[in-house]
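Me: I want to check the labels on this model against their cut-offs. Please take them one at a time.

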Amino acid sequence: MNACRRLARCGALLLPLMLTGCSFFFPTNRKLPMPKTALVTQNISPEELVSRLNQRWSAINTLTATVEMQASVTKSKQGVATDYPGVHGNILLRKPSDMRVLGRYFGVSVFDMASNGDCFTLSIPHDNKVVKGCGPSKTKSANTWENLRPRFFFDAMLVRGLESDDQYSVTSETFMVEDAAKKRLLSVPNYILRITRYKPGSQKETPARVVYFHRDDLLPYQQDVYDSEGTIETQVTYSAYQDFEGSKYPSSVTIKRPLEEIQIVLSVEDVHENLPLANDQFVVQTPEGATIVNRD
């Protein structure tokens, strides 16, 4: 009992000291990292930002790129992640929605895929199999890649301009980014372009895309793409822009599909814009004897 009383009296003495800043715990001061601000911050109106994006989109009719691809699939529930070997790839795009993607590993074809935006053909020589499909996937394959529809890849490679029925708003925000190598914080000013659309027959707006721009160069560095229900489908980050034949293009593109837990990292080696591309360059030949799998 005496010990309890002594402890209570000690607490009664310490509390006023702590509240007034006088404490036996000897408080110390520490310096916080001072944010480093961008050297150049450009100002532009929302209308001008959208106009720049539309002009860039309109100026490109075809795009060909040489890349290194690194893909991975995560299965969170099983606690397993699968990293696939990197492959050398060629990408051909032609507006409005034609695409061809070829992958090779040490010169050997790994896959060959072509799409017109609605239907696709995917050849997998190793399995002597050709997968075809149109529209949304109705049946699921144990192979995650066979369930994908390639339209997302086209949308990731080029940031589309706005359509006539798109609504938009632009906000200016500053993010704090940690530079772990130099142990400092970076103050990064951004413009955020939010694009929405009205649901058919409704006045309800749903998100279509969100595009993030650094204000030092006004180039997009991230794009989030949503489905018709307003659920995020694809997240793309663009970094390390380089000059390719007079046009700026990111030398690193990371594509994430949150629902399928897929990530594709592209290291861009070469880019050409507006080269003539023939129709037969967007056709995948079916090897003789190959098994045809329909994924409609």
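Reply: The questions below go through the labels, each set against its definition.

Me: What kind of model is this, and how are residues numbered?
Reply: It is a predicted model, where local features need pLDDT of at least 70, side-chain atom pairs count only at pLDDT 80 or more, and totals for chains, interfaces and linings use all residues. Residues are numbered from 1 along each chain as its sequence is written, and side-chain values use heavy atoms, without hydrogens and water.

Me: How many helices and strands does the protein have?
Reply: There are 3 helices and 16 strands. Both are DSSP runs, numbered from the N terminus: helices are H or I with at least four residues, strands are E with at least two.

Me: Why is valine 110 called partly exposed?
Reply: Its relative accessibility is 32%. Buried means under 20% relative accessible area and exposed means over 50%, with partly exposed in between (1.4 Å probe, protein chains only). So valine 110 counts as partly exposed. Valine 110 is found in strand 6 (residues 108-115).

Me: What makes Tyr105, Phe106 and Val110 a patch?
Reply: Patch residues have over 30% relative accessible area and no salt bridge; nonpolar side chains (Val, Leu, Ile, Met, Phe, Trp, Tyr) are joined within 5 Å, like charges within 9 Å. Tyr105, Phe106 and Val110 form such a nonpolar patch on the surface, with about 340 Å² of accessible area together. Areas come from the Shrake-Rupley method with a 1.4 Å probe; for residues, only the protein chains shown count as cover.

Me: How do you know that arginine 100 and aspartate 112 meet in a salt bridge?
Reply: The term needs a side-chain nitrogen of Lys or Arg within 4 Å of a carboxyl oxygen of Asp or Glu. Here the N to O distance is 2.7 Å, so the pair qualifies. Arginine 100 is in strand 5 (residues 98-105) and aspartate 112 in strand 6, 12 residues apart. Both residues are buried.

Me: What makes glutamate 173 and arginine 194 a salt bridge?
Reply: Their N to O distance is 3.9 Å, so the pair meets the cut-off. Glutamate 173 lies in strand 9 (residues 167-179) and arginine 194 in strand 10 (residues 184-198), so the pair ties together parts that are 21 residues apart in sequence. Glutamate 173 is partly exposed at 31%. Arginine 194, at 32%, is partly exposed.

Me: Is glutamate 229 buried or exposed?
Reply: Exposed, with a relative accessible area of 55%. Glutamate 229 forms a salt bridge with lysine 199, the closest N and O atoms being 3.3 Å apart. Lysine 199 is partly exposed at 24%.

Me: Why is strand 11 called largely enclosed?
Reply: Of the 10 residues in strand 11 (residues 205-214), 7 are buried, so the rest of the structure largely encloses it.

Me: What makes strand 11 and strand 12 a pair?
Reply: Two strands pair if DSSP finds at least two bridges between them. Strand 11 and strand 12 (residues 220-226) have 5, so they pair; they run antiparallel. Tyrosine 212 stands opposite glutamine 222.

Me: What makes a group of residues a nonpolar core?
Reply: Its members are buried Ala, Val, Leu, Ile, Met, Phe, Trp, Tyr and Cys residues joined through side-chain atoms within 4.5 Å. The largest core has 50 residues; Ile91, Phe153, Ile255 and Leu266 have the most contacts inside it. Its largest share, 6 residues, comes from strand 2 (residues 62-75).
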